[in-house]
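Visitor: I am new to this structure. Could you show me how to read a few of its features?

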Amino acid sequence: MRLPDEHSFASWLRSPAVAARVGWWLGICFGVAFLTGLVSHYAQAPSQPVPFPTRPVWGYRVTQGVHVLAGTAAVPLLLVKLWTVYPRLFTRPPRAWAALVRHGLERLSIGVLVAAAVFQLATGLANAAQWYPWTFSFRATHYAVAWLAVGALVVHVAVKLPVIREALAAEVDSRGLDRRGTAAGPGVLSRRGLLRGTALASGVAVLAIAGGMVPWLRRLSVFAVPSSGGRLPVNKTAREAGVTARATGAAYRLTLVHGSREVVLTPADLAALPQRQAELPIACVEGWSANARWGGVRLRDLLDLVEAPAGSAVRVVSLQETGPFRTTTLPGNFADDPLTLLAVALEGRPLPLDHGHPCRLIAPNRPGVLQTKWVTRLEVL
Amino acid sequence: MRTRGLLAAAGLALAAYGGWLLAGLDGPDLRNALVWLVGGVLLHDAVLAPLVIVVGLLVARTVPGAWRAPLAVGLLVLGTATLAAVPVLGRFGAPEGNPTVLSRDYAGGWLVVAALTAVGVTAAGLAARRRRSRGARAGG
């Protein structure tokens, strides 16, 4: 049997006319995911030269929701795109040295692009479902490969620019750019049919998970990750975090520290301070988000007890003994924001243990992992 | 030509930064990431793509004409949605004792998507068949 080469694939659909059009939308999805990913990465950075803004309160909720939805929409687009250009994988390498080197470099750039693109979608989707079947740090690696993917994508566009321009300028049914061996007319599907089918597949994939971000789609979204039906979801329970005994014990205290000043509060002391209400979303880095009504003490009021100057950043320490988010740093603009609370109530009832009882941080426009639960110590930096 | 040169240079710089970040990972983490990077390409090029070709051939050879296009689109929609839903369908990451995430009946949800796809394919197939027989009559 002869090994296939790029001319062995006869489908009328495997044409640059289709690849350029699907690639256009795929490029938009990757671009949107890249930019929103940068926002999320920056929001979680321990030091921020330009402080992350506290408004709009739903900002991170939207950017991270869009991030996950753009990645999901890209799944059918990437698979169809790879399908249309699959024959190129079987291109015979040229004999002449100079051409061979050029061929090798192009192959390498495509290899990096495909590897990075598949990696981003696979790890992103797994992470959104809280599945970590790898040993590397998700955040650091997904971030590094994002630059690799976007860089390889820009190189690919540079290499293919004349073909892309010609393909997009001509009708989708034009045969001008087709490989030798491509059929002269439609087989099973027309090219428009494939493009519409791909758009439909992307739409279905997005709708199926969008309920995690868009509450009124929750019933429709059969693959949405948080699915507690009205209740606010929890990523990590008190039992998983190993804090149950200390969070419910009589020995619990909240300690406020500013230099040599220290104030120690019991839950009763906290309850005696002026209580405020704030309607703020929990917007998880995994993409899901939900609004809730929080009640508690304004963080700034607590900082005043230890005479912290305006604009002070605060280290928030949890009862959790392990985990990368045991302590988080709250920048000064968040600490001073009137909506930032140390919450002790959720939806008018005492804060449930899994949501961070006795008290948790809740601030506007902030990634969920940084909304520290089971807070035991606030240190003014 | 100048646009392409600038684009290529910018792309190389972005990718180089990504490569530098990646190289900064600890040895075992980096090796694990490389396994995933290479594994994804192999899984697509050597498993998924040939599988799709085989399914395509089966559809083209065994399915009557009017039904081929609707079935191809139906398989595209259901196949890609299924692939994207593998992490939730497998419930691999479901935390123990925490019913608030991954608690939905995802297998049941998949059946709903599959059933809706089947309805769509059937409706489109019947419509295509009627169009064809009408076309055949009109064309004599």
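Guide: Start with a bend: α2(B) has a kink of about 35°, centred on H44(B). The bend at a residue is the angle between axes fitted to the seven residues ending there and the seven starting there. Helices are DSSP runs of H or I with at least four residues, numbered from the N terminus. This is a predicted model, in which local features need pLDDT of at least 70 and side-chain atom pairs count only at pLDDT 80 or more, while totals for chains, interfaces and linings use all residues. Residues are numbered from 1 along each chain as its sequence is written, and chains are lettered from A in the order in which they are written.

Visitor: What span does helix α2 of chain B reach from its first C-alpha to its last?

Guide: The expected span of a helix is 1.5 Å times one less than its number of residues. Helix α2 of chain B, residues 27-62, has 36 residues and reaches 51 Å, close to the 52 Å expected.

Visitor: Which residues of α2(B) are buried?

Guide: A residue is buried if 20 or more other C-beta atoms, placed from the backbone, lie within 10 Å of its own. In α2(B) these are A33(B), L37(B), G40(B), V41(B) and H44(B). An α-helix has 3.6 residues a turn, so residues three or four places apart point the same way. The cover over the buried residues of α2(B) includes α2 (59-85), α3 (97-128) and α4 (138-169) of chain A, together with α1 (2-23) of chain B.

Visitor: Why does A15(B) count as buried?

Guide: A15(B), in helix α1 of chain B, counts as buried because 23 C-beta neighbours lie inside 10 Å. Two residues are in contact if their C-beta atoms lie within 7 Å. Leaving aside neighbours within four places in sequence, A15(B) is in contact with V112(A), W147(A), L148(A), G151(A), A152(A) and V155(A).

Visitor: How many residues does the contact take from chain A and from chain B?

Guide: It takes 68 residues from chain A and 57 residues from chain B. On the side of chain A that touches chain B, α4(A) gives the most, with 16 residues.

Visitor: Which residues have the most contacts inside the largest nonpolar core?

Guide: A nonpolar core is a set of buried Ala, Val, Leu, Ile, Met, Phe, Trp, Tyr and Cys residues joined through C-beta atoms within 7 Å. The largest has 97 residues, and those with the most contacts inside it are A74(A), A116(A), L148(A) and A149(A). Its largest share, 14 residues, comes from α2(A).

Definitions and conventions: Helices (H or I, at least four residues) and strands (E, at least two) are DSSP runs, numbered from the N terminus. A residue is buried if 20 or more other C-beta atoms lie within 10 Å of its own, exposed if 12 or fewer, and partly exposed in between; C-beta atoms are placed from the backbone.
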